[in-house]
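Me: Could you walk me through this one? I'm new to it and would like to start with the inside.

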Amino acid sequence: MTIRGFRKRSGTFVIRYVGIRVTGFILVGLLFAVQPGNTQPARSRMENEQQIASLPEEQRTFERFRFWWAGLPESEREGRPETAQAQQDALLAKYADWLKDGGFAPPDVEKQLALLKRRGGAGDAEFWNQYLVKNRRQWLNSAPNGFLVEIVKGRKPGKALDVAMGEGRNAIWLAQQGWDVTGFDPADQAVAAARSKAQQLGLNMRTEITTMEQFDFGENQWDLIVLSYAGCSQVARQVEKALRPGGILVEEAFHTDALKTMKIGGSLCKPGELPNAFQSLRVLRYEEPVAKPDFAPRPARVVRFAAEKPVE
């Protein structure tokens with residue numbers, strides 16, 4: 001599916017808080033996994049408990065939550081609350097019921113929930129440090145996102161923001177093209193790796209160790225905002241406000257169809273979600289191809305979206 005050059009009428013939209021590379025949702029780092037589908041049956045709850053029995057208590061708590069999340073139907077993951085906190089509270093209420101059904105006493109349930117709330121942010125950063133730096137998968141794309149390269153080609157460089165920049169593959173490439181780049185991510189070691197590489201290349205690039213929730217996107221500030229596997233439409237309002245007139249958004253994420261062949265914790269977009277979410281932007285290009293994702297070992301359906309803030 002490809003859509004080019006149409007304008008959506010202005011209107012309201014509801015932000016979906018599902019995303020994995022969305023650091024504003026405090027538990028997000030505990031959820032992420034990309035595992036190719038296979039014909040082996042999923043582990044049972046008892047088998048999972050046996051497998052994690054030797055882990056430290058804190059890690060068991062996180063792994064138990066991830067196991068529950070992986071088996072949760074997509075329709076039950078989303079809910080309807082309009083704030084990340086309300087979404088988190090609704091999910092944790094479901095999780096508490098699941099724990100009780102599994103035989104955990106109420107005090108133990110409360111202890112586990114408190115740990116998830118208290119350590120979720122730190123767990124997010126540590127997960128991405130492990131995933132992107134310490135135990136990096138060979139199939140992760142280290143090159144700049146191909147869709148970003150295609151859309152940005154020929155555009156005059158300006159101020160660019162790389163949201164959830166990770167180890168900086170997109171930010172560094174943009175800086176090499178002459179863009180004035182700022183990037184942020186909660187994973188401190190990934191950001192440190194980006195800084196180190198930029199210094200080695202003699203590039204000036206501003207970085208922050210922070211979350212989407214804490215970062216100030218500003219207003220009429222950016223000529224380019226990049227959302228590369230950084231959730232879906234969770235920060236639509238911030239992006240629309242932060243782009244300068246004539247500035248563009250470039251985004252790529254997993255399509256919900258990818259769930260048919262992979263276990264994915266987030267960065268999932270429904271069909272047509274992005275054009276509907278960013279209704280104040282003029283769509284330059286939208287497509288839902290089967291392609292090799294930057295964060296998966298084999299082809300799956302993704303969404304690609306480029307849109308421009310109109311010049312008034």
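Reply: What follows covers the cores, the disulfide and some salt bridges. This is a predicted model, in which local features need pLDDT of at least 70 and side-chain atom pairs count only at pLDDT 80 or more, while totals for chains, interfaces and linings use all residues. Residues are numbered from 1 along each chain as its sequence is written, and side-chain values use heavy atoms, with hydrogens and water left out.

Me: ok, which residues have the most contacts inside the largest nonpolar core?
Reply: They are Val-163, Ile-225, Leu-249 and Phe-278, in a core of 29 residues. A nonpolar core here is a set of buried Ala, Val, Leu, Ile, Met, Phe, Trp, Tyr and Cys residues joined through side-chain atoms within 4.5 Å, and buried means under 20% relative accessible area, with exposed over 50% and partly exposed in between (1.4 Å probe, protein chains only). Elements that each supply at least two residues of this core include β3 (159-163), β6 (222-228) and β7 (243-255); helices (H or I, at least four residues) and strands (E, at least two) are DSSP runs, numbered from the N terminus.

Me: and what does Ile-225 touch?
Reply: Leaving aside residues up to four places away in sequence, Ile-225 touches Leu-161, Val-163, Val-239, Ala-242, Leu-243, Ile-248, Leu-249 and Val-250, where contact means heavy atoms within 4.5 Å. There is also a second, separate core of 23 residues, with Phe-147, Ile-151, Ala-171 and Met-205 among them.

Me: Switching topic, which cysteines form a disulfide?
Reply: Cys-232 and Cys-269 do, with their sulfur atoms 2.0 Å apart, and a search of the whole structure finds one disulfide (a pair of cysteine sulfur atoms within 2.5 Å). Cys-232 sits in the loop between β6 and α9 and Cys-269 in strand β9 (residues 268-269), so far as the chain goes 37 residues apart. Both Cys-232 and Cys-269 are buried.

Me: how many salt bridges are there?
Reply: The search of the whole structure finds 14, a salt bridge being a side-chain nitrogen of Lys or Arg within 4 Å of a carboxyl oxygen of Asp or Glu. One of them joins Arg-285 and Glu-150 at 2.5 Å, N to O, and this pair links strand β10 with helix α6 (residues 146-152), 135 residues apart.

Me: are those two buried or exposed?
Reply: Arg-285 is buried, at a relative accessible area of 10%, whereas Glu-150 is partly exposed at 45%. Glu-150 and Arg-285 also belong to a network of salt bridges with Glu-252, Glu-287 and Arg-304.
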